[in-house]
Amino acid sequence: MNLDRFQTLADAFGGSITRWPVDVQDAAFAFTAASPDEAALALAAARDLDEALDGAERLLPGAALRQRIIDAAPKTRRPMRTPFQRWLAAAGVGAGLAAATAAGLIAGVNLSAASAGEDALLIAAAYSSGLVLDEGDAS
Amino acid sequence: MTLCHYQELTNIEAAALMGVTVDALESLLARGRRALRAALADLRE
């Protein structure tokens, strides 16, 4: 590492080598040992700015950067269901109930009272098994 | 500067968040800090 590189790193990352990128720290410490006066001068100037930043009111990121930070955050999972909801989902009861309800409505409108129960069961079974998908007359 | 100085992110993390290369981040930081240092020096005079 030469003085120019050391100076650039001090300008970019400040007056504390331990806050520099890890992959350049060893070389930076070696340069400090080899050229203590030059290194001390560069670090002192950078440290002055570090102290000014520490004493300043916090800077806030712009809206675009703020959004990228938020987008980069780990996504949370959907809220945990209650045990009963998990049981319903596992059993497929929700879909079955919806299909049965739709079939019951159809049966109530279109079918005779005597056969409504049997037909409703058949239609419900068809919906539950996926045999009925986009039937326009189901609505 | 916010990400690296205040949030103490690594150069790799900050570069990724800003969508730039690590080299570009280093250049931006160096230029920004030099400009700020010059501006502060002007204020102190």
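A:Pro21 counts as partly exposed because it has 16 C-beta neighbours inside 10 Å (a residue is buried with 20 or more other C-beta atoms within 10 Å of its own, exposed with 12 or fewer, and partly exposed in between; C-beta atoms are placed from the backbone). The model is predicted: local features need pLDDT of at least 70 and side-chain atom pairs count only at pLDDT 80 or more, while totals for chains, interfaces and linings use all residues. Residues are numbered from 1 along each chain as its sequence is written, and chains are lettered from A and ligands numbered from 1 in the order in which they are written. A:Pro21 lies in the loop between H1 and H2 of chain A (helices, H or I of at least four residues, and strands, E of at least two, are DSSP runs numbered from the N terminus). Its C-alpha atom is separated by 8.9 Å from that of A:Leu9, 12 residues apart along the chain. Leaving aside residues up to four places away in sequence, A:Pro21 touches B:Thr10 and B:Asn11 (contact requires C-beta atoms, placed from the backbone, within 7 Å).

In chain A, helix H3 covers residues 36-55. The end C-alpha atoms of H3(A) are 28 Å apart, which agrees with the 28 Å that its 20 residues should span at 1.5 Å a residue (the expected span is 1.5 Å times one less than the number of residues). The buried residues of H3(A) are A:Ala39, A:Ala42, A:Leu43, A:Ala46 and A:Leu49. They cover an arc of only 120 degrees around the axis, and therefore fall on the same side of H3(A) (the arc is that of the directions from the helix axis to the C-beta atoms). An α-helix has 3.6 residues a turn, so residues three or four places apart point the same way. On the other side of H3(A), the exposed residues are A:Pro36, A:Asp37, A:Ala44, A:Glu51 and A:Gly55. The buried residues of H3(A) pack against helix H1 (3-13) and helix H2 (22-34) of chain A, together with helix H3 (22-44) of chain B.

Chain B has three helices and zero strands, in the pattern α-α-α along the sequence. Of its 45 residues, 20% are buried. In helix H2 (residues 11-18) of chain B, the buried residues are B:Asn11, B:Ala14 and B:Ala15. Their arc around the axis is only 100 degrees, which puts them on the same side of H2(B). Helix H1 (2-6) and H3 of chain B are included in what covers them. Just after H2(B), B:Gly19 takes a positive phi of about 70 degrees.

H2(B) and H3(B) pack at an angle of about 95 degrees, with axes 9 Å apart (axes are lines fitted to C-alpha atoms, for helices over the stretch in contact, and angles run from 0 to 180 degrees between N-to-C directions). H2(B) is therefore roughly perpendicular to H3(B), a class that spans 65 to 115 degrees. The contact involves B:Asn11, B:Ile12, B:Ala14, B:Ala15 and B:Met18 of H2(B), and B:Val22, B:Leu25 and B:Glu26 of H3(B). These residues divide into six nonpolar, one polar and one charged (Ala, Val, Leu, Ile, Met, Phe, Trp, Tyr, Cys and Pro count as nonpolar, Asp, Glu, Lys and Arg as charged, and the others, Gly among them, as polar).

The contact between the chains takes 18 residues from chain B and 16 residues from chain A. On the side of chain B that touches chain A, H1, H2 and H3 of chain B each supply at least two residues. H3(B) gives the most to this side, with eight residues. By class, this side of chain B has nine nonpolar, five polar and four charged residues.

Terms used
Contact = placed C-beta atoms within 7 Å. Parallel < 35°, antiparallel > 145°, perpendicular 65-115°, else oblique.
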